[in-house]
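Here is a briefing on the fold, the packing and the surface of one chain.

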Amino acid sequence: MQTFQIADVLRQRGQTAKPWLEFLRVPALSMGVYVLAAGSHDGQSPHQEDEVYYVLSGRARIRVADQDIPVETGSVVFVGALVEHRFFDITEDLTVLVFFAPAESAS
């Protein structure tokens, strides 16, 4: 068993000055936090794995394939493997818990 406190994970991510921090990796799953400042650009590319986003805080829109939807605290979004997607119109700092299944492959 492993346990995590989101506040600790976010503090650790903040010390890296990078938007992404993976904090769990097992063969079937990996998890991390992704933080984008208001007004910033999300430069991610499609992933080889299925992905679930859970918005911890903030407001933005996400484009998945040809659909755009608003997201805010409490939103959950599933993105299938290899599907083009990105956050945009980030109006409040966005903090997202991200789940990859299986574990995210090395880029």
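From the N terminus on, the elements run α-β-β-β-β-β-β. That makes one helix and six strands, taken as DSSP runs numbered from the N terminus (helices: H or I, at least four residues; strands: E, at least two). This is a predicted model: local features need pLDDT of at least 70, side-chain atom pairs count only at pLDDT 80 or more, and totals for chains, interfaces and linings use all residues. Residues are numbered from 1 along each chain as its sequence is written, and side-chain values use heavy atoms, without hydrogens and water.

**Overall shape**
- The C-alpha trace spans about 35 × 30 × 25 Å along its principal axes.
- Of the 107 residues, 36% count as buried (under 20% relative accessible area, 1.4 Å probe, protein chains only).

**Nonpolar cores**
- A nonpolar core is a set of buried Ala, Val, Leu, Ile, Met, Phe, Trp, Tyr and Cys residues joined through side-chain atoms within 4.5 Å.
- The largest core has 16 residues; Tyr 53, Ile 62, Val 71, Val 77, Phe 87, Leu 94 and Val 96 touch the most other members.
- Strand 2 (29–36), strand 3 (50–64), strand 5 (76–79) and strand 6 (85–101) each supply at least two residues of this core.
- Strand 6 gives the largest share, six residues.
- Another core, of seven residues, lies apart from it and includes Val 9, Met 31, Val 33 and Leu 97.

**Contacts**
- Contact means heavy atoms within 4.5 Å.
- Beyond four places in sequence, Phe 87 touches residues including Tyr 34, Asp 42, Arg 61 and Val 71.
- Among contacts with a separation of 6 or more, 63% join residues 24 or more positions apart.

Methods:
Buried < 20%, exposed > 50% of the residue type's maximum accessible area, 1.4 Å probe, protein only.
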